[in-house]
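This report describes an annotated site and the surroundings of a ligand. The sequence and structure are shown first.

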Amino acid sequence: MLIINIKQLVGIREETSLLKGKAMAELPYLDNAFLRIIDDQIVEYGEMKDLSEKGWDNEEQIDVAGQYVLPAWCDSHSHLVYAGSRETEFVDKIKGMSYETIAKNGGGILNSARLLNNTPEEELFHLAWQRLEEVKKLGTGAIEIKSGYGLTVEGELKMLRVIRKLQKESDVLIKSTFLGAHTYPSVFKDNHQAYIQQIIEEMLPVIAEEQLADYIDVFCEQGFFSVQETEQILEAGIRFGLKPKLHANQLHVSGGVQTGVKYKAISVDHLESIGEAEIDCLKESNTIATLLPSAAFFLRMSYPPARQMLDANLPLAIATDYNPGSSPSGNMPLLIALSCIQLKMTPEEAINAATINGAFAMELHNSTGSISRGKKANLILTKPIPSLAYLPYSFGSTLIDKVLLQGKWV
Ligand code: NIG
Ligand code: FE
């Protein structure tokens with residue numbers, strides 16, 4: 001298949017490397033371009049003026065005059081498998097209750113855990129499948145999904161099996177993360193070690209045996225998992241072959257960033273509460289800083305200091321954190337707009353953070369995240385727009401016309 005007369009082909013990369021600091025401002029493109037796809041792969045691209053000499057006249061052609069073509073989004077942090085919803089808490093928050101108070105009253109994550117444990121696996125799959133179909137239409141072609149609303153052996157394994165089934169049946173590229181350490185179940189409120197032992201002795205062996213997860217995550221936060229508890233869980237996860245990705249520094253300066261770096265985490269995510277020390281620590285590491293501004297928006301928190309982090313030459317990814325409590329939206333175009341508006345990232349920086357760097361944060365950079373020969377044909381075709389910056393500028397508008405995932409139209 002040939003896509004021809006592309007107004008601008010965006011995100012072309014001959015070589016795949018994680019983008020840091022200043023390099024994030026560059027988003028290479030070709031004007032008036034074509035793209036050649038065979039089966040599920042990008043095989044060639046170039047300028048329209050060079051197409052006639054290629055001898056591909058008999059191939060199916062799709063003329064997209066006026067459209068921009070971009071790599072599909074890579075959403076590297078989500079909790080897309082969940083049951084029910086939490087709009088009652090949303091209203092409580094409007095009336096002034098804090099996220100922590102809601103959690104202390106048995107709301108928050110525990111509320112979702114109750115709902116999830118009462119939902120059969122098939123129903124959970126169906127709900128997650130619908131959410132995945134929704135975000136596909138918004139251009140998401142790769143996503144990481146976490147467990148963490150089970151908090152029982154049975155519940156956590158159920159969530160991970162749903163993620164694995166999504167992985168098998170969807171054309172979205174999916175990575176799976178075990179987040180048994182999302183919060184302490186009420187019965188273990190005063191006996192943290194007993195729950196940690198359950199994670200280590202009863203959950204992790206089955207997860208490893210059935211290969212249910214790629215990563216291990218912990219909510220390292222005051223009132224949730226301390227640095228010491230986080231370390232204990234990460235060490236066990238690593239023993240079972242899982243690489244760390246961490247919820248770090250969301251609500252407080254928690255030591256999460258330093259812990260993530262110490263254990264060579266692929267990414268540390270959230271980072272609303274960081275300062276110089278955390279930035280310095282990240283500078284010395286290969287850990288990706290993943291920002292989740294839609295959660296900060298939804299919780300009315302201050303945003304992470306993205307510009308300061310870019311000035312320090314850090315690699316940034318952005319992700320939706322799609323979950324029922326702090327970001328009930330998997331909308332990547334809106335996230336990109338928020339990143340431009342609130343994090344003061346340029347459109348190019350935000351798109352790089354949402355594509356190639358997001359792919360790195362899921363170790364999917366050899367398959368997706370850019371327009372490169374040999375990568376998956378995961379593409380977004382925009383409606384006619386005057387410039388790339390028009391995408392985040394007109395926030396809330398649906399400017400995606402079509403999405404191609406693994407060579408098939410969504
Ligand atoms: O990433 N911070 C911890 N976990 C989620 C929120 C979970 C919830 O409230 O259900 C997050 O924001
Ligand atoms: Fe999260």
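His 247 touches Asp 217, Val 218, Phe 219, Cys 220, Glu 221, Asp 269 and His 270, residues up to four places away in sequence being left out; two residues are in contact if their C-beta atoms, placed from the backbone, lie within 7 Å. This is a predicted model, in which local features need pLDDT of at least 70 and side-chain atom pairs count only at pLDDT 80 or more, while totals for chains, interfaces and linings use all residues. Residues are numbered from 1 along each chain as its sequence is written, and chains are lettered from A and ligands numbered from 1 in the order in which they are written.

His 247 lies in strand E10 (residues 243-248). Helices (H or I, at least four residues) and strands (E, at least two) are DSSP runs, numbered from the N terminus.

**The annotated residues**

Under "binding site", an unreviewed UniProt entry lists His 77, His 79, His 247 and Asp 321. They are spread over 245 residues of sequence, yet they cluster in space, with a largest C-alpha distance of 12.1 Å. UniProt positions follow the numbering used here, feature names are shortened, and annotations may be inferred rather than shown by experiment.

The table gives the burial of each residue; buried denotes 20 or more other C-beta atoms within 10 Å of the residue's own, exposed 12 or fewer, and partly exposed in between, with C-beta atoms placed from the backbone.

| Residue | Other C-beta atoms within 10 Å |
|---|---|
| His 77 | 30, buried |
| His 79 | 27, buried |
| His 247 | 30, buried |
| Asp 321 | 29, buried |

His 77 is placed in the loop between E6 and H1. Beyond its neighbours within four places in sequence, His 77 is in contact with Glu 144, Asp 269, Thr 290, Leu 292, Ala 319 and Asp 321. The loop between strand E6 (73-75) and helix H1 (87-94) also holds His 79, whose contacts outside four places in sequence are Lys 146, Gly 148, Tyr 322 and Asn 323.

Asp 321 belongs to the loop between strand E13 (316-318) and helix H12 (332-342).

**The shell around ligand 1**

Among the residues surrounding ligand 1 are Phe 219, His 247, Asp 321 and Asn 323; a residue is near a molecule if its C-beta atom, placed from the backbone, lies within 6 Å of it. Helix H3 (residues 108-117) supplies the largest share of this shell, three residues. By class, the shell has four nonpolar, seven polar and one charged residues.

Technical notes
Nonpolar A, V, L, I, M, F, W, Y, C, P; charged D, E, K, R; others polar.
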